[in-house]
Amino acid sequence: KTYKYVFHDTMDRGLSFGAVASVTIDGTAVDAGMYSVSTDALADGCSFELVFEDIKALGFDITAESKVVVNYTAVVNENLTVGNPGMPNDAHLEFSNDPYGDGTGNTPEDTVKVFTFEFDVNKVDGNDEPLNGAGFTLYKW
């Protein structure tokens, strides 16, 4: 009767969950009221879970090829690891797998590494003297 779909994410201790930035199904934005996000005392030790209680009831044409994309932010905290070996971030999906009951299955866990690097940048004048009040803006190219 329903099709549960749960995104489980476990971050390294050097990362803290920020917020869900966006969710799309096959490229179409999903309203934040169509799912719930939990970060409190999760039984499986996840950092956060994004839950669709019944993803098929949302009005999207869900197929086996559908792509559900969850974009979220994380904040580097005081426990970060700089450089190698990186900080592992694990995710898996839990989904309804029994058309006659409430059973769920899980995908294998997928792990990516989040890398941070430290570098010093100083703005100086022509005499290599520090420029007081100088600012920087970083861009992703």
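**Exercise 1. Is His8 buried or exposed, and what does its side chain pair with?**

Step 1: Start with the accessible area. His8 has a relative accessible area of 4%. Buried means under 20% relative accessible area, exposed over 50%, and partly exposed in between (1.4 Å probe, protein chains only). His8 is therefore buried.

A quick note on what you're looking at: this is a predicted model, where local features need pLDDT of at least 70 and side-chain atom pairs count only at pLDDT 80 or more, while totals for chains, interfaces and linings use all residues. Residues are numbered from 1 along each chain as its sequence is written, and side-chain values use heavy atoms, with hydrogens and water left out.

Step 2: Check who else is around. Skipping neighbours within four places in sequence, His8 is in contact (heavy atoms within 4.5 Å) with residues including Asp44, Cys46, Asp90 and Glu94.

**Exercise 2. Which strand holds the bridge partner of His8, and what else does that strand pair with?**

Step 1: His8 sits in strand β1; helices (H or I, at least four residues) and strands (E, at least two) are DSSP runs, numbered from the N terminus.

Step 2: Cross to the partner. His8 is bridged to His92 in β7. β1 and β7 run antiparallel, joined by 7 bridges. (Two strands pair if DSSP finds at least two bridges between them.)

Step 3: Follow β7 onward. β7 also pairs antiparallel with β9 over 5 bridges, and there Asp90 is opposite Thr111. With β8, β7 has 3 antiparallel bridges; Glu94 faces Asn106 there.

Step 4: See how covered β7 is. Of its 10 residues, 7 are buried.

**Exercise 3. Where does Pro108 lie, and what does Pro108 touch?**

Step 1: Find the loop. Pro108 lies between β8 (104-106) and β9 (110-114).

Step 2: Check its surface. Pro108 has a relative accessible area of 72%, so Pro108 is exposed.

Step 3: List its contacts. Not counting residues up to four places away in sequence, Pro108 touches Ala91 and His92. So what about Leu58, 50 residues apart from Pro108 along the chain? Their C-alpha atoms are separated by 26 Å.
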